[in-house]
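Subject: Structure handover

Hi,

Here is the structure I promised. Please open it alongside this note.

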Amino acid sequence: MATAVDLYSYQEPILFLATAAIVVPLFHRLKISPVLGFLGAGALLGPFGLGQWVKEQPWLDWITLTNPERVSHIAEFGVVFLLFTIGLELSWKRLRNLRRLVFGFGFLQVLLCTVALGALAFTSFHSVTAAVLVGLALALSSTAIVLPVLTEQKRLNAPAGRVSFSALLFQDLAVAPILFAIATLDTSRPEVTMSSFAMLVLQAALALFLLVGLGRLVLRPFFKLVTAMKSPEFFMAACLLVVMVTSLAAAATGLSMALGAFIAGLLLAETEYRRAIDAMIQPFKGLLLGVFFMSVGMKLDLSHLDAMPKQILAAAALIVLIKGAIIMGLGRLAFGFSTAVAAETGFLLGPGGEFGLVILGEAIAAGLLPKDMGQNLLLITTLTMIVVPVMARLGRKLSRSLEDPRALSPEAKVPPPADEIGRVIVAGYGRVGQLVGEMLERHNVPYLALDLDPSRVAAQRKAGKPVFFGDGSYPEFLRACGIENARALVVTLDTHASIEAVVAAARHEREDLTIVARAKDARHAAELYEHGVDDAVPETIEASLQLTEAVLADIGVPMGLVIASIHERRDEFRKELKQSHRRGDPERTEFRSRRTVGKYAESKS
């Protein structure tokens, strides 16, 4: 009996991990956001799904989640980690570049949609507070679904993608104040007076001041100490500790846990550890968001849809239509976006989002919305989220049909992205990497450098160099550095294993990426060609060529002939190394990289 009780106490984590093992690969294969799978799994396994038949079929109790409160605390950390990573994505430079879209377009979009949808809700609720909360909840869109869809379509840096990202960013920033307002209006608390409300605001302001002040003093030195240990496990533990401590500290002072985590992310965004932390946190964020969406799905009573399907489906369609029309009109008339960009943005942002579900759930719990009508709104919002991938495809098709090649390019009307397209990533910023960076600067080529020496990173950042702490052999970290849009990767590390690990990770992420790597000698260069680099530069060969160039010039050989002969010999070395690589694998007929294929074709001819 004791064994059965022990097993039952682990029911929720086991069911969640089993669900994740099914949902994530299946929905990735179907090219559908796993968010929808977690929502559906929560509805199926929840008290309104299989849980309804537990009394008739007791064995179902082992595969159902009938108590949402038991997973609510873990689920809350899904939103906490999401806001932490959003904070990491921000920087003063990024906000400055996107300020017109974030605080202009994003603010007006939320305001106008709240007014329109709130007025519609007032006809049913007859309460200004309830109508405003419903309007705010429905005005928000899904960051967790829209951004992955745009990334998959390679549209995140397109004009409509940047506009959508900016609007979603403002919406995410607006969530914390909305949740704070709901907490102050909670009907389960004593009557809120002006003086008590003022005290709550003062307490929140003081808490924010302390969080920001202590964060600025503690976080950078703390991570400098952590990275000096050179332990990935310790670094992971430190990342999780920061998220937990800041979120719980905010909750203890009356703020939301999500706001505390967001502030921590914002403070770390300006440090050299930002990208390494982002790469480390991503897996936890994905899993915890899965728990969050399952907990939301558990609260969905699908019997409401069965009872009045026409009304709920019509309401969902009306909300998407109203929001989409407002967003299109605002973008086209007030901000001068092209019709194609405005239309695609409207299709992307028209459906509801996960933070709308959070606001509705909190409003129901606080007694500000009737439970039955709140359930209908949760169901309606979820239905609109389900159609986001379809809306994205329709929006893209409509955008293509509306594009006018004679008109001004849409890119001219939208600020450039903060993470520059076409920049070079330099892995390793020692002597060699610094020289590469200096030459890239001379030719006005944007670049971003990575290094695992915290002291070096700190010193170079003080000098104004775009250097970040992190390990380039982690695919998550490379993605955080924007490898998808990188122009090239230069690997200047000083050990065989580290060079090959970065090359392998980068080639796995991008088959067409130009990769130039430092090699110790000719044999190492041949091995790097096997790993798929475009060019490997052996130190021993380059040193001998430079010595030869110096001696020939010093003894009076004309410089033009010297340079030509050195270049010719370098090309011969390169061809010899590549041919040596091919002889090692007779079945191999081409190199993995597109540029290398071209070079090999030239050598054959």
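This is a predicted model: local features need pLDDT of at least 70, side-chain atom pairs count only at pLDDT 80 or more; totals for chains, interfaces and linings use all residues.

Residues are numbered from 1 along each chain as its sequence is written, and side-chain values use heavy atoms, with hydrogens and water left out.

Start with strand β5, residues 514-519. Helices (H or I, at least four residues) and strands (E, at least two) are DSSP runs, numbered from the N terminus. In β5, 5 of the 6 residues are buried, so the rest of the structure largely encloses this strand. Buried means under 20% relative accessible area (1.4 Å probe, protein chains only), exposed over 50%, partly exposed in between.

β5 has two parallel partners. Strand β4 (488-491) pairs with β5 over 4 bridges; pairing needs at least two DSSP bridges. V491 sits opposite A517 of β5. Strand β6 (535-538) also joins β5 over 4 bridges. There, V516 is bridged to D535 of β6.

Both links run through helices. From β5 the chain passes through α23 (522-531) to β6, in a right-handed β-α-β crossover. β4, α22 (496-509) and β5 form a right-handed β-α-β unit as well. Right-handed means that, with the strands pointing away from the viewer, the path from the first strand over the helix to the second runs clockwise.

Buried residues of α22 include I499, V502 and R507. The buried set packs against β1 (424-427), α21 (475-480), β4, β5 and α23, with contact meaning heavy atoms within 4.5 Å.

Best wishes
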